[in-house]
Protein chains: 2
Amino acid sequence: MPLTLEDIARLSGVSRSTVSRVINDDVNVKDNTRRKVLAVIDSYHFQPNMAARGLATGRTNVIGVVIATGVSVIFTDPYFPFLLQGISTACNVRNYSVMLWLTDPEHEKNMISRILYNGLVDGVVVANILINDPIIKSLKESKMPFMLLGSHPELEGNYLDVDNQLAAWKATMHLVRLGRKRIATICGSQDQVVGVDRYHGYLKALTESDLPVRPELITQGDFTEQGGFNAMQRMLKYKPDAVFVASDTMAYGAMRAVREAKLRIPEDVAVVGFDDIPTSAKATPPLTTVRQPISQMGNRAAEVLIDLIESGVRTTNKVILDTELVVRESCGAFNTG
Amino acid sequence: MPLTLEDIARLSGVSRSTVSRVINDDVNVKDNTRRKVLAVIDSYHFQPNMAARGLATGRTNVIGVVIATGVSVIFTDPYFPFLLQGISTACNVRNYSVMLWLTDPEHEKNMISRILYNGLVDGVVVANILINDPIIKSLKESKMPFMLLGSHPELEGNYLDVDNQLAAWKATMHLVRLGRKRIATICGSQDQVVGVDRYHGYLKALTESDLPVRPELITQGDFTEQGGFNAMQRMLKYKPDAVFVASDTMAYGAMRAVREAKLRIPEDVAVVGFDDIPTSAKATPPLTTVRQPISQMGNRAAEVLIDLIESGVRTTNKVILDTELVVRESCGAFNTG
DNA sequence: TTGTATGCGTTATCAT
DNA sequence: ATGATAACGCATACAA
């Protein structure tokens, strides 16, 4: 029932092609004609059919966003909405739309091939990729332009990320400089690149500072609050005087464990997190943490992807965004001054 | 470069139409032929082009999800990801895809007409609608099947929601039954239906219990933590002994204000929230709150919408899901028995 | 500068 | 049960 180019053409007394030219900002249209056609288009609120356009051009002006929900933590961190907002903003500006796929592990393989081969999207942003994610292989085989959010060892060229290792190093060094001696870490899942990288940053800082790496002060969480709590609880008997936690959400859990053990933050245990989620400034005590420019990450990833799509060339793009250590009370900066 | 029906046809020695029939599970295909064709399809990982199919059928098997980001609170509540997951799950099951539109107020009008008229989607789920949202008018004018998440006075028939008023009433009644006399409320923004409904539930409970409605015990937040904090701080001088807060996030802010005033929860002030976001069980003290089945809401909304699309009839659907009052320490249930 | 004709990859209608 | 062919709505090469 919606109008077609043909209708607009008839209504404005020109041919279908001319209307098409007007819509696509073709220069070869007389100003007069253009105005006439635009008037009709406006008054009827005409919108060209994207499926037809897609068929004719081979492009859809849609990018896919793939998020593996097996990593369930995305639902407790605000990381995910901010990311989407960044992507969405970039797409609005460039006149693209966003197709969202939340892949549960069960249907993942099937969905991936649909995503890559049914022509719905011109490119994909893939977030929260696992180290052994089956999508890796498919992505390499396909011709689909893509950008990863977070780096991946096997898909080297095409990603956007912060330097997790560097940021973790800085965070840990901050604790070192405050004079802490028994600096622990709660690392994230080691099947995610961020988990691995942040852990390595911690190790590097300790090593460089000639501080011993004590296995009993290294525990692993799963990026959940409860995981952070459990990890910290296990670790408290080894008397850490500081802890670098690989995510703010886990840091909350860790702080809860410290409180329940009747220890003080930061006097007994200094805590540094990672992410700077909105609530971290409001935590008790406010959490020292690494700020990632999350919505900017989504934005840039989408921008780069769209450039990739529109340029047609298959260059590899790596984009590294800066982080910032946000110092707050939880690590005692205000006390040890 | 991807394969087409024609390619598959040639490869398996049948006609294009037969391949199409196989793909669409048409009964009029000999078993033998079907197997033969399927083998080719599988071995080449053929995926039919959705744009072409969309053109031919007039349907895309895509539903749109529209979320107004003017309501910025969605980025601090996990409400939003859970919703999307529910929608996404329903779509996976029914073989639909999800197109996501985060509309910022600036581009909203323009986007809406694109959403409704360019044929990208078969229907839309609209979340977080404001009472005066311009999308209301467009939705009414268009023929697009839609489902609202949250009710709206002018779009009566087509929504899915919980009974916010009833739930708020129950929550407040809980405080009444605990013997609290000066029960305050921090309501949400009154330009959102949930804000209004939850406020009315509070009023109803007070009135029915012959408790006076005291204006000084009614403040308004904006669904943010800081908003809850400010509201509570303003209100503390009027000595509430309990507060019903229209969202958990605001409740956290309120509890922070109570703590900072050196008052005890629940002894001095009992707190009840709304949402039961994952962290509420871990708050100090754990927060009594109203649980909404959020991901179920997304799921059901998408299901109903898809039914609407596929049946072709324009019936109105209202779906009300149940809530549950989750009693935890913050309202003193465990103390007063 | 504009119009005509063709093709994009499906589905659907009609034959056979 | 299968094949030929005409839409679907647009972009685009070519003609004028």
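Which residue in strand 2 of chain B is the bridge partner of Leu100(A)? The partner is Val98(B).

## Model and numbering

The model is predicted; local features need pLDDT of at least 70 and side-chain atom pairs pLDDT 80 or more, while totals for chains, interfaces and linings use all residues. Residues are numbered from 1 along each chain as its sequence is written, and chains are lettered from A and ligands numbered from 1 in the order in which they are written.

## Chain A against chain B

Strand 2 of chain A and strand 2 (residues 97-103) of chain B pair in the antiparallel sense over three bridges; pairing requires at least two DSSP bridges. Helices (H or I, at least four residues) and strands (E, at least two) are DSSP runs, numbered from the N terminus.

In total, 42 residues of chain A are in contact (C-beta atoms, placed from the backbone, within 7 Å) with 42 residues of chain B. On the chain A side, helix 4, helix 5 (79-94), strand 2 (97-103) and helix 6 (108-117) each give two or more residues. Helix 5 of chain A gives the most, with seven residues.

Helix 4 of chain A has the largest share, five residues.

Note on methods:
Contact = placed C-beta atoms within 7 Å.
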